[in-house]
Amino acid sequence: MTDTDLEANGADGLPRAEVRRRRSLSLVWVVPIVAALIGAWLVFKALSEKGPEITIAFKSAEGLEAGKTKVRYKDVDIGQVTAIELSEDLKGVLVRAALVRDAERLISENTRFWVVRARVSASAIYGLGTVFSGAYIDLDPGPPGKPARHFTGLEEPPVVTTGMPGRHFLLESERRESIEIGSPVYFRQIRVGEVVSFHLSEDGSKIVSKIFVHDPYHRFVRRNTRFWFASGLDVRIDSAGIRVRTESLVSLLAGGIAFDTFLDPGDGREEAPEGAVFRLHAGMDAAKEREYDERDLYVLLFDESVRGLSRGAPLEFRGLQVGKVIDIKTELDLASNRVRIPVVVALETDRIALRERPKGMETREALLAFLVERGLRAQLRTASLLTGQLYVALDFFPKAPPARISPKGPYGYPEFPTTPTPFEEIGAKLNRLVDHLDRMPFDEIGRDLRATIKGARRVADSPELVEAVQSLNGALKELRELVRELRAGAAPELTATLEEARRALAAAQATLAADSPVQARLNAALDELAAAARALRTLADYLERHPEAALFGKGKEK
Amino acid sequence: MTASPRTARQAGMAACEVCLLLSPRSRSRCPRCRSPLHSRKPQSISRTWALLIAALLFYFPANLLPMTTVVTLGRAQSDTILSGVVYFIQTGSWPIAAVIFIASILVPLLKIGILAFLLVSVQRGSTYRPLERTRLYRITELVGRWSMLDIFVVTVLVALVNLGALASIQAGPAAPFFAAVVVLTMFAAMSFDPRLIWDRCSGEESDD
C-alpha cells in the first residue's frame, strides 16, 4: 500500500470522506479573461486608429478600387479608399476614404488630392511604380486652414507642393509656344524650375505662365532678368557662320523657358519678389536686346508703295537701329485722290546719345523738333535688293522742304515728316547723267569711227580674206558630212535616250502635279525667284543708267 | 426513459480517465496508472464554459481581421476569410468557396453552438433526446481538428509563395486568433463530460 492509499482510507482502513475546499473560481477562467482582454485591446486599437472619413470628388475613378487603393503622403500609407460612387449629377465620382488618426493634422481646407498614375511626358516619367502597384491617391497638405471633409481632387498632379523652397514668378507672352505644365525652366542650361500653370489673361491678349524656381536658384531671378522660350533649336546663319543653340535635348522635345540676367550696369539688381511679373521673349536674342523704356510713337505718312515693309522692320539712323515699325495702316484721301499710308513707328529716343544737349532742348520733343528743322526726315529704303525688304531710314536732308512735327497726326500720334526720296533721287541722278552726256565729244568720236570703218574696208577687200573665206567653205562642207554621219549613227540611240527622258519626265510630272507638295513649294520658290529677278532688274536698270555706279557707288547726296 | 443499464457510478465504481480501468470510487488514484480518479470530469461544465467563451471571443477577430496578405508586385492586398469566400464566389469557384466557408466559418460556429447547447441542456437537467445529444458531441469532437484546415492552407501558402518582390503571401493577424478558436473549442469539447447528459436521464444527482 502506498502513502496515498493510506491517506485516502485512513489508518483504520475505512473509507474516509475527502474534504476538499472548492475554489469558487476555477483557474480555467483565466482563458476567457485573457481572450476578453485581447478583444478589448483590439477594439480599442481599431477605435483609436480610426481617423477622419473624407470624400474626394474626381472626374473619373480610373485605376481606383474601393478597399484597395491607398491614400499616401510622402509614400506612407495614411488611409484607404472605402467606397467609390458616382456623384449626384453623374458628372464625376466621389471617392470615400478612411484615413488614420494621424492624418487629422494633415488635412485642411487647403489640402489638395490627386491620383498618382504612371505618366509619360517628353520631359519625365512619373509614377512608374504604379504600373505594378496600381494607382494611389497622393495629397499635399497645403497651408494650415479650417478643417474640411469634402475635397475636389486635382486631375493633374501639382508641379509644386507645399514646403518646396523657391519662388513663383509670372511670365507674360504673346504665344504659348510649346510650353506645358511641368516644362523645365533653365538657368545657364541647368534645370532650376518648372512651369506650374498657364492661362489666358482676362482680356485674352496674352498668356500668363506661372513658373516655380527652386531654392537656391530663385536668387538669380532679379528685377532685370530676362526670360525667353528655350524651345527647340535656334539656328542662325550670318557673317559669323552657322550657330546652333539649344538649352537641352529635353527642351528640344518638350520646350522650356530659360532666363538669364544680362550684364546691365543699370539698376534692378535686387532679387525679384514672389509673384513678380516678367515678359517672356520669343528667343534669346530678343531677350538680350536692350529694352528701351522711353519710346515715342510717331506716324509717318508715305505716298509710295510700302511693299516690303513689315511690322517690326527697323527704324535706322545711318545704319543704327533707333526704333521699329509698330503698325502699317491704309488711308484713302478721296478729296485729294491720294493714297497715303500711315506707318506707326516707335522711336526709342534714348538710343541716340547727344554729345551736348543744347539749351532749351531738355525734352525729347524739343530736341526732335530741332532736328527736324535741321532736315531730319524719314524715308523708305530698300534693305536688300534680293528680298525687296524695306526699312525706314532717318537721315538729314538739308535740301528737303521745311516741315515740322505736327503734334496731332492721324491715329492720335504726332506726325513725323517724310521725304519721298527714291524717285526724286533717281531724277536728280538722271540730270547729272545728261550733263555728262552733253560733255561727250561726239564729233571726235564720229571722225574716229569713220577712220576705223575705212581701215575695215581695206581689210575686207584684201585677197587674204577671199582665201580665208574659201577655206572656211571647205571646212563647212566637211562639217556637214560629219553631221550627216552622226545622224545616221546616233539617231537610234538618240531615240532611246529620248524615250528615257520621256519616262523621266512622266515621273517628274507626277511629282510636280498641281496638287503635289513639291509643286506648292516650287511655286513659292518661283515667286521668290521672280521677286529676286525683279530686284535684279531694278539693279540692272539702275546700272544701265549709271554705269559709273558699278565703280563709284551710288553717289552722294548733294 | 426505459430501463437503462447500470452505470459505473451506480455500482460505486469509477473509470480511470487515462487507462479506463474500473476501480472502486473510494480510491483517489487509479491503482494501475496512478492518475487521479474521478467519477466524472471535475468542474467539467464550468471549464467548458470558460474555454467556450474564450473561443467565442476570439472568433470575432479571427473573422474580422485579415487572414492573409498577398503582396503581388509591390501591391499588398489583405483578405479576411469572408472576403476570400466572396472572392471565390465572384470568380465562379463555388466548390472552393463552399469548402472555405464550411471549414472556416460554419464549423467553428457550429461547434461553439453545439457545445453551448449541450452545456445549457446539462445544466438545466434536460432529459431531451440524450442519444442524439451524445451523437452531436461525438461529431463535434471528431470534426474539431479539421477546422485547422484554414491554418494549414495559410501555412502552406506562406511557405510556397515566396517569390521575393514578385509575389509573396504573409499570414495576417487573424491567423493566431483563428488557431486559438480551433484549439479552444477542441479543449472545450475535451473538457466536456458526455456522461453528464445521461446522468440526469438515469435520475442521478451529479456530485460535481
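1. Let's start with contacts in chain A. Among those between residues at least 6 apart in sequence, 65% join residues at least 24 apart. Two residues are in contact here if their C-beta atoms, placed from the backbone, lie within 7 Å.

2. A word on what you are looking at: this is a predicted model, in which local features need pLDDT of at least 70, side-chain atom pairs count only at pLDDT 80 or more, and totals for chains, interfaces and linings use all residues. Residues are numbered from 1 along each chain as its sequence is written, while chains are lettered from A and ligands numbered from 1 in the order in which they are written.

3. Chain A holds eleven helices and 26 strands. These are DSSP runs numbered from the N terminus: helices are H or I with at least four residues, and strands are E with at least two. Of the chain's 558 residues, 18% count as buried (20 or more other C-beta atoms within 10 Å of a residue's own, with C-beta atoms placed from the backbone).

4. Now find the open sheet in chain A, where seven strands run in the order β5-β8-β2-β3-β4-β1-β9 with mixed pairing. β5 (112–116) and β9 (150–152) of chain A are at the edges with a single partner strand each, so one side of each has no neighbour in the sheet. From one strand to the next, the twist averages 30°. Two strands pair if DSSP finds at least two bridges between them.

5. Look at β4(A) (residues 93–100), which pairs with β1(A) (residues 50–58) in the antiparallel sense over seven bridges. Here I56(A) stands opposite V95(A). β3(A) (residues 76–86) and β4(A) also pair in the antiparallel sense, over seven bridges, and E85(A) faces L94(A). The hairpin of β3(A) and β4(A) has six residues between the strands, and L90(A) takes a positive phi near 65° in this hairpin.

6. β2(A) (residues 70–73) and β3(A) form an antiparallel pair over four bridges, with K70(A) opposite Q80(A).

7. Finally, turn to chain B. The axes of α1(B) (residues 44–64) and α6(B) (residues 174–191) come within 8 Å and cross at roughly 160°; axes are lines fitted to C-alpha atoms over the stretch in contact, and angles run from 0 to 180 degrees between N-to-C directions. That makes α1(B) roughly antiparallel to α6(B) (an angle over 145 degrees). Residues making the contact include L51(B) and F58(B) of α1(B) and F177(B) and L184(B) of α6(B).

Terms used: Parallel < 35°, antiparallel > 145°, perpendicular 65-115°, else oblique. Buried ≥ 20, exposed ≤ 12 C-beta atoms within 10 Å, placed from the backbone.
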